[in-house]
Amino acid sequence: MSVQPATARAGANIALVKYWGKRDARLNLPAAGSISVTLAGLETRTTVSPLPELDADELMLDGQPASAERIVPVLDRYRMLSGQDQHCRVESTNSFPTGAGLASSASGFAALVVAADAAFGTRLDAARLSEQARLGSGSAARSIFGGFVEMAAGHGDDGRDAVAHPLLDAADWPLEVVVAITEIGPKSVSSTDGMNRTMKTSPYYPAWVDSVPEDLERARQAIDATDFEALAEVSESSALKMHASALAAQPGLLYWNPATVACLHEVRALRAAGTGVFFTVDAGPQVKAICLPGQGARVAGRLAGVDGVERVIETTLGPGAGVLT
Ligand code: DP6
């Protein structure tokens, strides 16, 4: 079988029921499941070119040479699966504004595994692609699929069943998403380190993990019934509980700045006044507002006016990862 260059794209995703903690750090096996939405507008495009003349893998990120450390294990697995031993040049670009502090590991690893699958001709099915993406970053397993996606915690030690699956297509409930950027620059403590610290030191971590299965059930039912109010309640609660467990770590993880908190109040005020919107926050200071179809522009306008908000990005739910060439 010959190897050939291939390009793939994948959208970022935002968890509504959060992933925060692992049962196995080496394989990124999550301690509990999670549910997310995949975004259309924030995406990574990645080209994998296997080249016989290279003696090591190379990475170009947004046009700049970058460390290949995290992509080499991914490519090693494709070399093993395909029986081909070529090193690769990997070129990856994010459509996210640079320095916006938005996580790119989910879309990045999802695009990488789909491009590598095409380049090495391994033809893995979607569940196996999700498994490969998870090995790069836990949340990346979800970006293989579009729309509403659930990630399973799985039971096995090998991670075969810790993969994502789609719940509902974006077209069946085309919610809109507004990201309020409250701080430009790299985040203080990465998700990986933050959840690690929470697992090791937060007295609230066990309570957090125990609470997730019920949230997953509530979110599944809300998505199934396209019940926005119910999804709003469970999603805001999941985000706040995740941050509560992180705040109680030693030393405490305080990801929010004053503008983050101001945006949370603004979203709640908008919802109380009848706008279909709820918030979620990941391991950083940006606020993600999930909106009913047609309400994104209004929410974006309001969040742009909050003190300390640098800019807002409006997007929609989008498709799963796929090959472009
Ligand atoms: C807060 O997937 O970035 O965004 O598996 O260590 O790479 P690793 O962590 P990562 O964690 C994401 C955490 C989160 C919540 C979520 O996306 O579910």
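## Legends for close-up views

**View 1. L51 counts as buried, with a relative accessibility of 17%.** Buried stands for under 20% relative accessible area, exposed for over 50% and partly exposed for values in between, with a 1.4 Å probe and protein chains only. The model is predicted: local features need pLDDT of at least 70 and side-chain atom pairs pLDDT 80 or more, while totals for chains, interfaces and linings use all residues. Residues are numbered from 1 along each chain as its sequence is written, and side-chain values use heavy atoms, with hydrogens and water left out. L51 belongs to strand β4 (residues 34–51); helices (H or I, at least four residues) and strands (E, at least two) are DSSP runs numbered from the N terminus. Leaving aside residues up to four places away in sequence, L51 touches Q86, H87, C88 and R89, where contact means heavy atoms within 4.5 Å. From the C-alpha atom of L51 to that of G252, 201 residues apart along the chain, the separation is 46 Å.

**View 2. Helix α1 (residues 72–82) has V74, L75, R77, Y78, R79 and S82 buried.** The buried residues of α1 pack against strands β4 and β7 (87–94) and against helices α2 (105–120) and α3 (126–136). In general, residues three or four places apart in an α-helix point the same way, because there are 3.6 residues a turn. G83 follows α1 and has a positive phi, near 70 degrees.

**View 3. F148 and W173 form a stacked pair, one of four aromatic pairs that a search of the whole structure finds.** The ring centres of F148 and W173 are 5.6 Å apart and the planes stand at 20 degrees, so the pair counts as stacked. The pair links distant parts of the chain, 25 residues apart: F148 is in strand β8 (residues 148–151), and W173 is in the loop between β9 (164–168) and β10 (176–181). Rings of Phe, Tyr and Trp (its six-membered ring) pair if their centres lie within 6.5 Å, with planes under 30 degrees apart stacked, over 60 edge-to-face and the rest tilted. F148 is buried at 0% relative accessibility, and W173 is buried with a relative accessible area of 7%.

**View 4. W173 also pairs with F228, edge-to-face.** The centres of these two rings are 6.4 Å apart, with 90 degrees between the planes. W173 lies in the loop between β9 and β10 and F228 in helix α6 (residues 228–247), so the pair ties together parts that are 55 residues apart in sequence. Both W173 and F228 are buried. Ring pairs join F148, W173, F228 and F278 into a cluster.

View 5. The relative accessible area of S235 is 0%, so S235 is buried.

**View 6. The whole protein, shown for context, has eight helices and 14 strands.** Its C-alpha atoms fill a box of roughly 60 × 40 × 40 Å along the principal axes. Buried residues make up 56% of the 325 residues. Among contacts between residues at least 6 apart in sequence, 76% join residues at least 24 apart.
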